[in-house]
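Biologist: Before we talk about where a ligand sits, could you show me the model and explain the terms as we go?

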Amino acid sequence: MARLKVGVPISGRGSNMAALAEACADPGFPADIVLVLSNEPGAAGLTRAQAFGIPTAVVDHRDFPDRAAFDAALTARLEAAGADFVCLAGFMRLLTAGFVERWRDRLLNIHPSLLPAFRGLDTHERALAAGVRLHGCTVHFVRPELDDGPIVMQAAVPVLPDDTAGSLAARVLAQEHRIYPAALRLVAEGAARVEGERVVYRRDQSGGGALVAPPLP
Ligand code: GRF
C-alpha cells in the first residue's frame with residue numbers, strides 16, 4: 001500500500017510532530033512526513049524536524065491580510081510538497097471553513113482533553129478547576145467548529161490529588177505521543193474512517209474494558 005504523504009503544521013516545540021516522525025521512520029508505518037510547516041519562524045519544532053531530515057517551511061500569518069489568504073498559502077505549500085493528508089500538531093491558528101473543507105477527512109488534530117469536554121485553551125487548568133477525576137487527550141478529524149469533529153482515538157489519565165496544571169499536562173502529553181501515531185496508522189491503513197460524522201473501525205478497537213479512576217474499592 002502506498003504510504004500516506006503527510007504535512008504537519010506546528011506553532012511551537014513540536015513534540016507531537018516528533019512522535020509522528022519517529023513512527024514514520026519505521027518502514028512498516030503507512031505514512032511519511034513530507035513537510036513540517038510553522039506559522040512561527042522561531043518554533044523549536046522546526047529544528048527538531050530538520051534533525052529528522054524532514055523538509056520545513058515557514059508561512060508567517062503576519063504576512064497575510066486575512067485568514068483566508070494565510071490558509072490558501074498553507075494549502076499551496078502543502079500541495080507543493082505533495083501532501084495528501086494533514087496532521088495538525090500544536091498549530092495555534094484558527095482555520096477557515098475553506099481550508100477545513102479542502103482537506104475534509106484528510107485532516108487530523110490532537111487536543112489535550114477528552115473531547116467534547118474542554119474545547120479551546122488551558123485545558124489542564126480547566127480540568128483541575130472542574131474537579132474531573134479523568135482527563136486525557138483526543139485525536140479527531142477536523143471540522144470548522146473549534147476542536148470539533150469525528151473522534152478517532154482517546155486516552156484517559158487519572159487526575160491525582162497533588163496535580164498542578166504542569167504535572168497533569170505532562171501525564172497527558174505522554175499519552176498524546178502514543179495515540180497520535182496510533183490514530184494516524186489506523187486512518188492511513190483504512191482501518192478507521194468517517195461515516196455519518198462518526199468514526200467507524202474495520203476491526204473492534206474498543207478493548208471492552210473500563211478505565212475507572214480512582215480504582216474501585
Ligand atoms: C499539545 O498539547 C497538543 O495537544 C496541543 O498543543 C500542544 C502541542 O505540543 N494541540 P507540541 O508542540 O506537540 O509539543
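Modeller: This is a predicted model. A pocket here is an open set of grid points with protein on both sides within 12 Å along at least five of seven lines, and the largest pocket has a volume of about 940 Å³.

Biologist: What makes a residue part of the lining of the largest pocket, and which residues lie nearest its centre?

Modeller: A lining residue has an atom within 4 Å of a point. The largest pocket is lined by 34 residues, and Gly90, Phe91, Met92, Ile110 and Pro112 lie nearest its centre. Helix H1 (15-24), strand E5 (107-111), helix H5 (123-130) and helix H6 (165-188) each give two or more residues to this lining, which takes at least three residues from each of domain 1 (1-103) and domain 2 (110-217).

Biologist: How do you know which residues surround the ligand?

Modeller: A residue counts as near if one of its heavy atoms lies within 4 Å of the molecule, and the residues around the ligand are Arg13, Gly14, Ser15, Asn16, Gly90, Ile110, His111, Pro112 and Glu176.

Biologist: How much of the ligand's accessible area does the protein cover?

Modeller: The protein covers 85% of the 370 Å² that the ligand has on its own.

Technical notes
Residues are numbered from 1 along each chain as its sequence is written. This is a predicted model: local features need pLDDT of at least 70, side-chain atom pairs count only at pLDDT 80 or more; totals for chains, interfaces and linings use all residues. Side-chain values use heavy atoms; hydrogens and water are left out. On a 1 Å grid over the protein atoms alone, a cavity is a set of points where a 1.4 Å probe fits but cannot get out, and a pocket is an open set with protein on both sides within 12 Å along at least five of seven lines; lining residues have an atom within 4 Å of a point. Grid points are joined across faces, edges and corners, and a volume is the space filled by probe spheres set on the points. Helices (H or I, at least four residues) and strands (E, at least two) are DSSP runs, numbered from the N terminus. Domain bounds come from an automatic or database domain assignment. Accessible areas come from the Shrake-Rupley method with a 1.4 Å probe; for residues, only the protein chains shown count as cover.
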